[in-house]
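Hi everyone, thanks for coming.

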Amino acid sequence: MTPTALDLSAMRRALVLADAAAAEGDVPVGAVVVDASGTVRGEGRNLREATHDPTAHAEVVALRRAAESLGTWHLAGCTLVVTLEPCIMCAGAVLQARVPRVVFGAWDAKAGAAGSMYDVLRDRRLPHRVEVVGGVAEGEASARLQAFFDVRRDAD
């Protein structure tokens with residue numbers, strides 16, 4: 001699948017959010033939920049370290065904010081754009097919110113649930129399947145993650 005101009009615009013915003021997460025000591029992941037017109041309905045960044053909440057992944061934060069702004073948990077017609085392939089927890093949240101489309105940047109070979117390690121979002125055994133567009137701005141997203149973890153490895 002090919003990313004749209006709206007996907008690329010949302011990914012630029014997600015990358016800015018990832019930078020904000022890193023600046024505060026969280027893993028640099030940012031996420032944006034947009035509706036079909038490209039209007040941002042919710043956005044988030046990793047907040048696990050800031051909030052001490054293990055569920056405060058960028059995707060979950062963005063989905064919660066989108067649901068609040070739209071007044072419904074059912075995010076039909078929306079796209080989640082995130083800088084890192086969603087993990088199993090986040091993929092589950094996407095499925096529960098009935099998001100029809102996910103666009104992500106960097107692949108996550110260790111914990112990805114959108115095609116790398118698992119393919120939860122497109123599992124035919126589940127009642128809802130998601131269109132997945134991976135590798136959008138992959139170099140930019142991967143570079144942020146690599147730099148973040150390089151600093152932490154050097155400190156150990």
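Let's begin with α4: the elements covering its buried residues include α3, β3 and β4. Before going on, a word on where this comes from: the model is predicted, so local features need pLDDT of at least 70 and side-chain atom pairs count only at pLDDT 80 or more, while totals for chains, interfaces and linings use all residues. Residues are numbered from 1 along each chain as its sequence is written, and side-chain values use heavy atoms, with hydrogens and water left out.

Now, which residues of α4 are buried? They are C90, A91, V94, L95 and A97. Buried here means under 20% relative accessible area, exposed means over 50%, and partly exposed is in between, with a 1.4 Å probe and protein chains only. Just after α4, R98 takes a positive phi of about 60 degrees.

Leaving aside residues up to four places away in sequence, V94 touches L63, L80, V99, V102, L121 and V130; a contact is heavy atoms within 4.5 Å. Together with L75 and L121, V94 has the most contacts inside the largest nonpolar core, which has 41 residues. By nonpolar core I mean a set of buried Ala, Val, Leu, Ile, Met, Phe, Trp, Tyr and Cys residues joined through side-chain atoms within 4.5 Å. Among the elements giving two or more residues to this core are α1 (5-23), β3 (79-84), α4 (88-97) and α5 (138-155).

Zooming out, the chain has 5 helices and 5 strands. Those are DSSP runs numbered from the N terminus: helices are H or I with at least four residues, strands are E with at least two. Along the sequence they read α-β-β-α-α-β-α-β-β-α. Of the 156 residues, 45% count as buried. As for overall size, a compact globule with 156 residues would have a radius of gyration near 15 Å, and the chain agrees with its 14 Å. That radius is taken over C-alpha atoms, and the globule rule is 2.2 Å times the number of residues to the power 0.38. Residues 24 or more positions apart make up 56% of the contacts with a separation of 6 or more.

Next, an arginine. R101 sits in strand β4 (residues 101-106). Is R101 buried or exposed? It counts as buried, at 13% relative accessibility. Its side chain makes polar contacts with the side chain of D7 at 2.7 Å and with the side chain of E131 at 3.3 Å. A polar contact is a pair of N or O atoms within 3.5 Å; within protein, one must be able to donate a hydrogen and the other to accept it, and residues adjacent in sequence count only if both atoms are side-chain atoms.

Last stop, the rings: there are 2 aromatic pairs. F104 and W107 are edge-to-face, 4.7 Å centre to centre with 85 degrees between the planes. The rule takes rings of Phe, Tyr and Trp (its six-membered ring) with centres within 6.5 Å; planes under 30 degrees apart are stacked, over 60 edge-to-face, and the rest tilted. F104 is buried at 0%, whereas W107 is partly exposed at 38%. F148 and F149 form an edge-to-face pair as well, at 5.1 Å and 90 degrees. There, F148 is buried at 7% and F149 partly exposed at 32%.
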